[in-house]
Amino acid sequence: MTAAWSAAELAEFSSQDELFIETRRKDGSTVSAVPIWMVVVDEKLYVRTWEVRTTGWYGRAVRDGTAAVSTGGPKTPVTVEQVGSLDSDAIEAAYRRKYRRYAASTLDPILTDDGIATTLRLTPTR
């Protein structure tokens, strides 16, 4: 069953630069969590990468439709939904606000059409 993020969880995501995402291999074993950037828009959690890939955390998350996330505390299982350009203007603005202190060479790739195409919504499963 999917649920909404709590106000405390959303505040934690908004205050942290990185979210740790853990995915599973095809054999069911887990892969060490990797840090990724995330934004909150309209009480929903979104992540992106630089390009659509069938490998790495992104490929595994899309393939399975599930992952687990953390900002350093307990892991929360999530459903993973590809949303691509849905709400891309609001999500782009959120990334620009949150990560503007980083060099353009670091931020800009997730704001391109290729980056937008990778947008995933993560929803807690409880």
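In what follows, Ala, Val, Leu, Ile, Met, Phe, Trp, Tyr, Cys and Pro count as nonpolar, Asp, Glu, Lys and Arg as charged, and the others, Gly among them, as polar. The model is predicted.

**Largest pocket**

The largest pocket has a volume of about 170 Å³. Its lining residues divide into seven nonpolar, two polar and two charged. The lining is made up of Glu18, Val34, Pro35, Ile36, Trp37, Arg48, Thr49, Trp50, Trp57, Thr106 and Ile110. Strand β2 provides the largest share of this lining, with four residues.

**Aromatic pairs**

Six aromatic pairs are found in a search of the whole structure. Two of them are set out below.

| Pair | Centre to centre | Angle between planes | Class |
|---|---|---|---|
| Trp5 and Phe13 | 4.8 Å | 90° | edge-to-face |
| Trp37 and Tyr99 | 4.0 Å | 5° | stacked |

The planes of Trp37 and Tyr99 stand at 5°, so this pair is stacked; the cut-off for that class is under 30 degrees. Trp37 belongs to strand β2 (residues 34-41) and Tyr99 to helix α3 (residues 88-99), so their pairing ties together parts that are 62 residues apart in sequence. Trp37 and Tyr99 are both buried. Burial also applies to Trp5 and to Phe13.

Trp37 and Tyr99 also belong to a cluster, linked by ring pairs, that includes Tyr95 and Tyr102.

Terms used
Residues numbered from 1 in each chain as written. Predicted model: local features only at pLDDT ≥ 70, side-chain atom pairs only at ≥ 80, totals over all residues. Heavy atoms only, no water. Phe/Tyr/Trp six-rings, centres within 6.5 Å; stacked < 30°, edge-to-face > 60°. Buried < 20%, exposed > 50% of the residue type's maximum accessible area, 1.4 Å probe, protein only. Helix = DSSP H or I, 4+ residues; strand = E, 2+ residues; numbered from the N terminus. 1 Å grid on protein atoms, 1.4 Å probe; cavity = no way out; pocket = protein on both sides within 12 Å on 5 of 7 lines; lining within 4 Å. Points joined across faces, edges and corners; volume = space filled by probe spheres on them.
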